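Hi,

Here is the model I promised to pass on.

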Amino acid sequence: MNDCSYITTMCRKGWFPSGKRDLRRLFKAALWLLVPCLPGILLPGCEELPVEVVYRSLEGASGVFISCEGNYMYGNGSLSFYDREKGEVYNQLFFARNHAPLGDVPQSLFCDGKSLFIVVNNSGKVVALDPESLAFKGAVTGLTSPRYLHQVDDTTLWVSDLHAGGITVFHPGSLRKKGFIPLPGGPAGAAGHPTEQFAHVGNDIFVTCWSYDNKVMVLDAVTATVVDSLTVPAQPGRIVADGRSRLWVLTGGSYGGAEGGAEEPALVRIDPTTRTVEQIFRWNAGSDKPGDLHLSPAGDSLYILAGDLYKMSVLDRKFPLLPHIRGGHRTYYNAGIDPRTGEIYLADAIDYAQNGMVYRFSPGGTPADSFRVGINPGDFLFR
Amino acid sequence: MRFWLLLSLLWLPELLPAQTLGDTLHIAEVEVFGRRRSGETGMKVSRPDSLAMAARLTTSLADLLALHSPVFIKSYGRGSQATASFRGTAASHTQILWNGMTLNSPMAGIADLSLLPVFFTDEVTLLHGGSSLSEGSGALGGAIHLENKPQWEETSQLTAITERGSFGSWRLMAGLRTGSRPATRSSANHTTPATSGSFADHATPATSGSFADHATPASSGSSADHATPATSESSVIPAATRDSAMTPANAPVPEPATPAFRWQSVTRLFYDASHNDFPFYNVGVIPFRKDTLRNGGYHRSGLLQEIYLRTPGEMTAALRGWFQQGERDLPQLMSYEGGEREENQIDNQWRLQLELKRYGPGTRLTFRSGLNGSVMRYFRKAMDTGWVIDDAHNQELSWHNSLNITRELASGLTLSGSLDATRHQVEASNQARDEGYRKARNEVGLLVHVWYKPTPRTGFFVLTRSEIYDHRWIPVIPALGAEWQVTPRRQAWLKANLSGNFHKPSMNDLYWIPGGNPDLQPEKGLSGELSWASAYHRKKWAFRHEASFFLSDIHNWIIWQPAANGAWYWEASNLRDVLSRGVEYDFTFSLNYEPWNFILSGNYALTRTTNQNAVSSVDQSRGKQLIYIPLHAGNLHGTLSRQGWSLQSDLGYTGRRYTRSSNEWSWFESRLNPFWLLDLSLIKHFDTAHHHFGVKVKVENIAGVRYQQILWRPMPGRHYSVTLSAALKP
């Protein structure tokens with residue numbers, strides 16, 4: 001049986017339409033199916049195209065890098081750059097240059113002039129890039145939960161870690177690990193103190209111990225050994241050294257649960273010379289909690305983000321009642337202060353699940369402009 | 001374009017019924033077509049057919065539903081957590097019920113479908129949208145009901161299935177059914193013929209009157225199965241069954257041929273383990289490289305024991321015990337290059353249930369009491385420092401009680417009332433941080449459900465539920481619906497229903513430390529649907545399909561996000577209003593052309609579920625699809641059989657998923673592009689009167705598609721499995 005006769009046979013058997021009657025039945029059958037599917041056909045909207053990612057060399061550009069955390073366990077962190085002279089913003093720069101994702105929760109940025117370092121917290125690594133071309137230079141891997149970097153000298157970088165129980169030391173050029181500074185103690189069951197941010201005063205390096213801890217550890221910058229520790233209110237995180245060489249530490253407080261016993265956040269002033277706590281500013285229960293702390297370029301004022309942005313002189317003995325910049329309906333997530341101009345950058349996470357906004361203000365709090373970056377803008381690095 | 005292609009594929013079978021075929025029809029005892037129960041009047045209820053159940057017997061419920069239902073399964077990979085998103089809602093908006101007892105965790109509000117083996121259930125029923133209210137509240141998307149039933153016409157059967165697959169995968173299922181023999185053949189006729197699969201079966205005693213249809217596949221007549229092609233002249237249904245199904249409640253109830261005390265015991269065991277160390281190409285790190293999934297292994301095992309008793313006095317009793325343990329390692333994202341972690345989760349669960357049913361003339365009384373306990377341990381340790389970062393122990397114990405009376409008040413008019421009382425007791429603790437909470441919750445619910453079928457072509461239902469929990473009273477949760485057979489000679493039905501619903505915050509939402517919010521309001525939903533179902537049946541072929549359009553508006557949607565007051569922890573809040581609408585479509589076509597047999601089935605879901613209440617002017621999430629819910633998803637299954645040989649193909653399509661509420665996506669998120677997966681299986685059965693042997697060779701993801709269900713979580717390429725099955729019926 002050749003192909004044609006086979007088809008003829010199939011038609012005779014009624015498998016294929018072979019007359020007007022069959023066509024009518026076919027049409028009816030199609031109609032029976034089509035009618036209930038109509039809403040489905042009409043409902044789909046247009047699918048949006050991906051956001052265009054264009055690589056730009058940053059050679060000679062002046063502006064600010066912004067690390068965007070993305071969402072925990074989504075692996076959608078990113079790197080943005082705002083060119084302050086051109087007023088342009090470039091997003092997804094890491095992917096655009098290197099064709100790979102940055103990782104899960106880029107926590108902080110650091111630049112030693114030769115490399116731009118991005119600490120990618122939940123990817124357990126520190127990524128090094130060329131600061132101009134953003135080409136991938138390498139990574140320090142095998143870390144537990146890295147948070148922030150601190151340069152001790154030209155050949156030594158320290159990286160704090162939430163769950164390593166100490167500080168990892170590596171060479172910024174070769175990216176080889178040089179050592180590990182154990183910080184025994186910490187919360188019950190921990191392998192050591194959970195380290196967070198650094199402040200360098202004289203020969204001492206102060207490091208806050210954030211997660212479920214209440215210490216500020218003091219290390220000798222030369223010997224890399226613990227020389228002292230201070231007890232502060234629960235969960236010290238941000239730390240800055242002002243123009244008078246006083247340290248300011250922002251603590252997150254603790255959650256007491258249904259039975260109460262919560263400890264409210266606090267702003268703590270420390271004299272680094274005597275290594276003593278000089279003053280504690282406590283937040284009132286029920287008020288918006290602080291999340292970020294920065295210094296003015298002159299080192300004479302503090303910027304505290306607590307829903308609104310507050311400005312406070314380092315000489316003040318009281319927390320300001322009125323905000324410097326009101327938050328309104330915005331969800332201010334982090335802040336950055338341009339060390340050259342004193343301009344204020346406030347990151348709005350919106351709903352924490354879409355690309356965030358950055359609002360730029362003059363040092364006096366007057367709105368300048370705004371631009372959209374990646375999800376959950378976290379750290380600002382000016383250059 | 002893909003949508004049209006998919007739609008075109010769905011049309012193909014519709015063209016075939018236009019023909020007339022001769023010869024005889026022989027669709028074996030494979031239950032291809034769905035069945036309906038009288039209490040489902042006006043409701044959208046569907047069931048994966050028995051062929052699908054048989055083909056997926058060694059898998060989890062997540063795999064079954066992903067391929068054979070319009071429910072979207074959000075899976076983190078093989079052996080990892082899998083949750084159901086029904087009609088675009090959250091995982092907590094799908095209730096999983098086991099013989100009427102909810103399996104959702106009272107702490108998290110969700111159920112992990114990867115922990116529920118298909119082998120442990122005889123029937124899976126999907127109650128879409130407001131139809132779920134007949135079983136309980138809280139299912140804003142829908143409910144999935146797993147049932148176990150005795151099979152009175154089968155006295156003994158021993159079944160064993162073993163499967164070896166790629167990546168060190170091994171599955172073993174074993175079952176033993178034993179019990180007293182039926183006294184005479186005639187009594188067996190009152191129940192239904194066995195469907196495929198060793199443990200599919202039917203619980204209703206043949207002696208009852210109008211409720212016999214509760215267990216009748218494809219019975220003819222008025223209330224049951226109006227959407228199935230097997231309804232009219234199906235030769236696979238014994239006449240006695242059809243008569244029984246049609247018997248009105250007030251008519252004389254036929255005496256059972258030989259009333260006698262009977263018992264049955266069913267024992268099922270399963271073991272499922274895999275190294276799950278599949279290779280993948282890692283594009284999440286620099287440089288890209290060939291990689292192997294690490295820390296992805298799992299193993300789980302379980303025992304289900306059922307004991308059924310049936311007395312001459314039209315009473316049945318069932319005692320069921322389900323014990324299961326499982327442990328799985330939790331792999332990292334592809335971009336992870338950190339220190340070695342030990343991260344795993346242990347899930348131990350046990351369930352006990354007593355069920356009593358009494359049948360009288362036009363009346364059925366059902367009492368259920370059950371305990372559902374679970375212990376979950378999540379453990380995370382940094383290996384290089386030995387720091388135990390998390391050591392969370394969650395313990396849950398729920399005691400469910402339910403009393404239901406269903407009575408046919410007049411011809412076609414039936415009233416059903418249920419009183420439910422549940423107590424949950426939970427304790428969460430994290431020994432690594434000395435955190436946790438301990439709480440209890442009492443829930444009482446009252447259901448009144450009336451359905452009326454004044455004529456064989458029309459039906460209505462009205463339902464109202466009232467609930468009390470945590471001193472909060474939800475006075476009325478209403479639902480109503482109707483169905484209508486459009487033409488008397490054609491099996492074409494139009495159904496519509498409208499319902500309210502609410503979902504209680506989970507106990508973690510309320511009490512978790514830190515971030516639980518005791519002031520949370522329940523999520524409230526209003527939903528409606530319109531369905532069209534039709535069926536065609538000729539000598540050689542049969543076709544049925546059903547399409548539903550649904551609309552659902554949910555207020556006070558609970559989400560977790562960083563605390564609004566800027567505190568360092570996340571908290572639960574009633575933040576969103578979500579509008580979900582879409583279309584569900586499914587069809588089954590079977591063609592018998594001796595010696596060939598062909599079955600084609602498929603489903604498609606178009607789900608548009610959007611956030612409606614963006615506040616800020618820069619918030620771009622208003623009107624955008626919720627994350628990880630595809631707009632389009634569908635499946636197509638084909639089985640070609642001939643003299644004991646079968647070739648099965650499963651083609652699945654998953655549309656784009658977004659990870660941003662604004663639906664923007666970057667090129668690196670193109671990993672979440674739409675993807676097609678094709679599986680092929682070749683099966684050979686050897687059957688004798690008392691033995692059955694089967695061999696199945698399966699190739700999954702035959703095209704080696706690189707895809708991701710969840711961003712930066714790799715999925716396996718082409719992989720293989722061989723399954724051997726044996727059944728012995730003395």
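Let me start with a turn in chain B. Glu314(B) takes a positive phi near 60° in the hairpin of E13(B) and E14(B), which has three residues between the strands. Those labels are DSSP runs numbered from the N terminus, with helices being H or I of at least four residues and strands being E of at least two.

Before going further, some housekeeping. This is a predicted model, where local features need pLDDT of at least 70 and side-chain atom pairs count only at pLDDT 80 or more, while totals for chains, interfaces and linings use all residues. Residues are numbered from 1 along each chain as its sequence is written, and chains are lettered from A and ligands numbered from 1 in the order in which they are written.

Strand E13 (residues 298–311) and strand E14 (residues 315–329) of chain B pair in the antiparallel sense over 14 bridges; pairing here asks for at least two bridges found by DSSP between two strands. Arg310(B) sits opposite Thr316(B) of E14(B). On from there, E14(B) pairs with strand E15 (residues 341–360) of chain B, again in the antiparallel sense, over 15 bridges. Gln324(B) has Gln349(B) in E15(B) as its bridge partner.

E8(B) and E9(B) run antiparallel and are joined by nine bridges, with Ile161(B) partnered by Met173(B) in E9(B). The hairpin of these two strands has three residues between them, and Phe167(B) takes a positive phi near 60° there. E9(B) is also joined to strand E10 (residues 262–274) of chain B, by ten bridges and antiparallel. In that pairing Thr178(B) stands opposite Ser265(B).

What do the two faces of strand E9 (residues 169–179) of chain B look like? The covered face holds Ser169(B), Arg171(B), Met173(B), Gly175(B), Arg177(B) and Gly179(B), and the uncovered one holds Trp170(B), Leu172(B), Ala174(B), Leu176(B) and Thr178(B). In a regular strand the side chains alternate between the two faces of the sheet.

Gln151(B) is in the loop that links strand E7 (142–147) and strand E8 (157–165) of chain B. Is Gln151(B) buried or exposed? Gln151(B) counts as buried because it has 23 C-beta neighbours inside 10 Å. (The cut-offs: buried means 20 or more other C-beta atoms within 10 Å of a residue's own, exposed means 12 or fewer, and partly exposed is in between, with C-beta atoms placed from the backbone.)

Helix H3 (residues 61–68) of chain B is mostly covered, with seven of its eight residues buried. They are Leu61(B), Ala62(B), Leu64(B), Leu65(B), Ala66(B), Leu67(B) and His68(B). Their packing partners in chain B are helix H2 (50–55) and the strands E2 (72–75), E3 (82–85), E6 (123–128), E27 (632–642) and E28 (645–654).

Chain B also has an open sheet of five strands in the order E1-E6-E7-E4-E5, with mixed pairing. Its edge strands are E1 (45–46) and E5 (101–102), each pairing on one side only. Strand E4 (residues 94–98) and E5(B) run antiparallel and are joined by two bridges, and Trp98(B) stands opposite Met101(B) in E5(B).

Now chain A, which has three helices and 27 strands. Buried residues make up 47% of its 383 residues. The mean pLDDT of chain A is 88, and 84% of its residues reach 70 or more; pLDDT is the predictor's confidence in each residue, from 0 to 100. Over residues 1–18 of chain A the pLDDT is below 50, and this stretch has twelve contacts beyond near neighbours in sequence. A contact means two C-beta atoms, placed from the backbone, within 7 Å.

One sheet in chain A is open, with four strands in the order E4-E5-E6-E7 and antiparallel pairing. Strands E4 (106–111) and E7 (136–140) of chain A are at the edges with a single partner strand each, so one side of each is left without a neighbour in the sheet. Strand E6 (residues 125–129) of chain A pairs with E7(A) over four bridges in the antiparallel sense, and Leu129(A) has Phe136(A) as its bridge partner in E7(A).

Cheers
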